[in-house]
Amino acid sequence: MIPGIGPPGATALLSSEPMAEQSSPLAWADVAALLRRRHLRLTPQRRAVVGALAEFEGHVTAAQLVERCLEKDPGFVPSTVYRTLDVLEGLGLITHIHDAEGREQYQPAAEAPHAHLICRECGATWEIGSDELGDFLPLLHRRHGFDVDLSHLAIFGRCEDCSRP
Ligand SMILES: [Zn+2]
Ligand SMILES: [Zn+2]
Ligand SMILES: [Zn+2]
């Protein structure tokens, strides 16, 4: 569990799965093979970023990855994180959403497609499946011919805890 995301027990408020219990179906060991197939090398620095990504459950920010890589290798070049995230996202291996401050949070793309509820007050995040959006997505498609990128969808508001007087 990433600090600041999904307070313990908070998921009981909503019918979504606790994020920490979601396994990451993306086999990070396969990333090297995928990069090679696209003629990209898994350099030691890129490998460090992929390794750090694999250690986090749920969502992770670039800053958290930089911190983790620097812990392991004080000579690590922080910009490698941003470039590697771009490469991995370009390959469709990861997706991102934005937190209440607009910062990107990354997650493995192979997770079941889901949207996010983000509390503006405490920053807690919950994942919701398309089933919880009811007819919303089909309605947008019918009315506007619009296909929603569910993995980039974040709904901001106030959580039950923060709503208590
Ligand atoms: Zn974005
Ligand atoms: Zn809250
Ligand atoms: Zn998510």
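In this predicted model, the axes of helix H3 (residues 62–72) and helix H4 (residues 79–90) come within 9 Å and cross at roughly 125°. Here the axes are lines fitted to C-alpha atoms, for helices over the stretch in contact, and angles run from 0 to 180 degrees between N-to-C directions. H3 and H4 are therefore oblique to each other, since angles under 35 degrees count as roughly parallel, over 145 as roughly antiparallel, 65 to 115 as roughly perpendicular and the rest as oblique. The contact is made by Ala62, Leu65, Val66 and Cys69 of H3 together with Val81, Tyr82 and Leu85 of H4, where two residues are in contact if their C-beta atoms, placed from the backbone, lie within 7 Å.

A sheet is also present: 3 strands form an open sheet in the order E4-E3-E5, with mixed pairing. Two strands pair if DSSP finds at least two bridges between them, and helices (H or I, at least four residues) and strands (E, at least two) are DSSP runs numbered from the N terminus. The edge strands, each of which pairs on one side only, are listed below.

| Edge strand | Residues |
|---|---|
| E4 | 125–129 |
| E5 | 154–157 |

From one strand to the next, the twist averages 25°. Strand E3 (residues 114–119) is joined to E4 by 5 bridges, and these two strands run antiparallel; Ala115 has Ile128 in E4 as its bridge partner.

Residues are numbered from 1 along each chain as its sequence is written, while chains are lettered from A and ligands numbered from 1 in the order in which they are written. Because this is a predicted model, local features need pLDDT of at least 70 and side-chain atom pairs count only at pLDDT 80 or more, whereas totals for chains, interfaces and linings use all residues.
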